[in-house]
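Reader: I want to learn how to read salt bridges, helices and cores in a model. Can we work through one case?

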Amino acid sequence: MARKRRNPERTLAPAAAAAAVAPAGAAFVAAAEQAALRLPAESTTGNWTVWILALMMFIAPAAGAPTEELLQDTLKSIIVSFAVLLAALHFFWRLRGQAQPLRWHGAIALPLALLAYALGSTVWSHTYLASVEAIRWFLFSLIVWLGLNTFSRERLPVLFWGIHLGAVVAALWAALQFWGDFTFFPQGPHPASTFVNRNFFAEFAVSTLPFSAVLLARARRSAAIAILAATTGLVIVAILMTGTRAALFAMWLLVLVVLPLAAWRCREEFTMREWSRGMRILAAGVLFATVAGLGSIPSGDPKLLAEGRGTTAIQRGFIRTQSIRPDDVSLGIRQIMWRATLRLIAARPVTGVGAGAWENDIPLYQAEGSQLETDYYAHNEYLQLIAEYGLVGWAFLGFMGWWLLRCAEHTWKPENDAQRADRPWRVAALASLFAFFVVSNVGFPWRMAATGALFAIGLGILAACEARCGLGGMLGARAMRWPARANSMAIGAAVACLALAAYITEQAVECEQKIVRAIKIALMVTASGSPNDPAWQPARHTLLQLIREGIDINPHYRKITPMVADELAKWGDWQNATWIWESVLESRPHVVAILCNVARGYASAGEPQKARDYLARAAAIQPNAPAVRSLEVVLLSRTGHDAEALQLARQSIAQDIYDIDMLNAAFVLGSRAHDVPTAENALALRMRAFPETRALGWIQLGTLYANESHDHAKALGAYRKGFELATAAERNAWEVHVPLEFRAELGLTGPAAPAAAQTSSSKR
């Protein structure tokens, strides 16, 4: 009882005194260290700069293109580019006429080194791809530098809220796609939110979780705690919905290891240590209830359900996590790319192949027999960086790793009050970068606009914290002289960059609209089943005009331009298909499949010499690729060398080097040479490898047995199997080619074709 009657003022006085002295002491220490390094404080003009960057991190993931005529990442690149340049313009505009020292940090030299290398690559490597890389690293460096000079402790909550709300809105779109097949944003498999691919969304979302966690740990009111817990739970559920295993792996590491450890170690700096028991129960309960409740709602998307990976978000997340194993098919494909990249690195360890040139050069290093590009990126940012940038890439990764480990050490063991005060912000940035670097092992998030911007912001936060804490050294903070006239120059440069960005945006949007519209028309004509009908001539004319105008604007759209040529080839329009493929080869000259396509185009147009020239280029890269072998067979056959063509076809099939064209050619050549075993084997292999050809294959076998083997029973059995598998339209088209002696037994009543037509059907 005596203790209860103590004077509360006397009891609290020491604590109050300590609380009053601590900020003053921290300010003194920080001021002394800043003075020792001659570092300026964060710019007093940076409020709106941070607001612009926060708005960028909200809009970029939350906004999506509602039309296929603008690619999703193109829109996000536009948002990020304009926001960064506007933030820079505002920053320098507020400094105009002032000679105010600014901050510099050694970490900014890392992306600037990549920028310098990319600019040099435009001279000796792929100019277009290197230019794209240079722009990317310029914007990246600018974000880091603006963050260094404006990310004060008072402004960082605004930035964190922008990141969190952007992730929440993106997660909401993903949830709607999972639950109700929401199709407002054109994209690949659901749920991809506003991103074209669900992997891209998941990689971004998991990297935002630490920012959301720190906001929650710093919340003071019950309402804010409940809202942050619920919205963070929604983001977690959305990641589970995607089933993206790299993001799931990173999320489990964050939720189960990294964030709990950070919360324990930095408990003195988080407001949650002051929460009442009710507030703690509220936070944990709302978070758990959100994940458990929303995660148990079954999907309403038929395509997602057809994947057989769980009907709810929780099921999907756990099933996909359990499927992570070395023999996974998806991982196997990535390993093929990684091995090819390692061969590239071994061939060019010092200089690399040039910034962005991985996709241009990788066909030269693919495994023997490969004819198709596995992907346009290595799906491992570290390998691709080294392959493209050589020693500069090695230096970037080495210095970046060393600096981040130093940041982690100072966060774990702060040396002064300033470092302790910055721990919540440093924890968020480090944990976000940890998740980001995990998913970078099997993806390419550095090249995605929103995720790449988040990467740069994380580095900017760490650099600003180090500047406040007075940490110098090789990769530390320094003062940078900034005369008044430099502001005028920077304003002029920012305006010029904005004008250039506007021009590039207009050209990109127009180009994508034209090419995508051409693709849509081509697919529509193909779907009609009669692409050569005169009624389609106006549409085909429009298609060709659009694709020509799109290629004139930008001939480097490697991913989508060939789709138009592929459809034209299906219609037999080899002339137009060929020039489109050739335009792609001008930008990417080593793609074996497209080289073979051009050769086929010239062969079909009666220009065998040009066909042989392109075949030679393809054979120099991949002599044993199925497309190359089958093209050799076709060219030999068309130039009257049937015996050589048949021998090469037999040899290739024996070596398991074949595609559908090779098997078709082997069947025709075998039939002509009365080589029934070769023709029969070719059809059997084709039906097994390409099941959609089974019906036609049995019909062709029937004709082969009737005309070459003269085996009535086998022919009749083959015809019966073929007509059982055929559709009504196919039956009507094929029954005319059945010889007369089989028609009654097969129940065919229509007219028969002349004997010559019947014989020729076996050679189709």
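**Reading the features**

Author: Start with a pair in one helix. Glu133 and Arg136 are 3 residues apart in helix α5, so about one helical turn separates them. The model is predicted.

Reader: Why does that spacing matter?

Author: The general idea first. An α-helix has 3.6 residues a turn, so residues three or four places apart point the same way. Now the case. Glu133 and Arg136 form a salt bridge, with the closest N and O atoms 2.7 Å apart.

Reader: Are Glu133 and Arg136 buried or exposed?

Author: Glu133 is buried, at 5% relative accessible area. Arg136 counts as buried too, at 19%, because the cut-off is under 20%. Both belong to a network of salt bridges that also links Glu381, Glu388 and Arg447.

Reader: Which residue forms a salt bridge with Lys570?

Author: Glu567, with the closest N and O atoms 3.1 Å apart. Lys570 is exposed, with a relative accessible area of 59%, whereas Glu567 is buried at 7%.

Reader: How many salt bridges are there by this rule?

Author: The count comes to 25. Another of them joins Glu510 and Lys514, with the closest N and O atoms 4.0 Å apart. Both lie in helix α20, 4 residues apart.

Reader: Next, cores. What is the general idea?

Author: In soluble globular proteins, nonpolar side chains tend to be buried together. Here the largest nonpolar core has 141 residues. Met56, Leu159, Val206, Trp403 and Ile461 have the most contacts inside it. Helix α19 (residues 449–469) gives the most to this core, with 14 residues. A second, separate core has 47 residues, including Ala599 and Tyr602.

Reader: How do I check a helix, say α24?

Author: Compare its span with its length. At 1.5 Å a residue, the 13 residues of α24 (592–604) should span 18 Å; the end C-alpha atoms are 18 Å apart, which agrees. Then look at burial. In α24, 11 of the 13 residues are buried, so the rest of the structure largely encloses this helix. Ala599 and Tyr602 are among the buried ones. The cover includes α22, α23, α25, α26 and α28.

Reader: Which residues form a nonpolar patch on the surface?

Author: Ile135, Leu500, Tyr503 and Ile504, with about 390 Å² of accessible area together. Helix α20 gives the most, with 3 residues. Ile135 is found in helix α5 and counts as partly exposed, at 41% relative accessibility.

Technical notes:
Residues are numbered from 1 along each chain as its sequence is written. This is a predicted model: local features need pLDDT of at least 70, side-chain atom pairs count only at pLDDT 80 or more; totals for chains, interfaces and linings use all residues. Side-chain values use heavy atoms; hydrogens and water are left out. Helices (H or I, at least four residues) and strands (E, at least two) are DSSP runs, numbered from the N terminus. The expected span of a helix is 1.5 Å times one less than its number of residues. Buried means under 20% relative accessible area, exposed over 50%, partly exposed in between (1.4 Å probe, protein chains only). Contact means heavy atoms within 4.5 Å. Patches are made of residues with over 30% relative accessible area and no salt bridge: like charges are joined within 9 Å, nonpolar side chains (Val, Leu, Ile, Met, Phe, Trp, Tyr) within 5 Å. Accessible areas come from the Shrake-Rupley method with a 1.4 Å probe; for residues, only the protein chains shown count as cover. A salt bridge is a side-chain nitrogen of Lys or Arg within 4 Å of a carboxyl oxygen of Asp or Glu. A nonpolar core is a set of buried Ala, Val, Leu, Ile, Met, Phe, Trp, Tyr and Cys residues joined through side-chain atoms within 4.5 Å.
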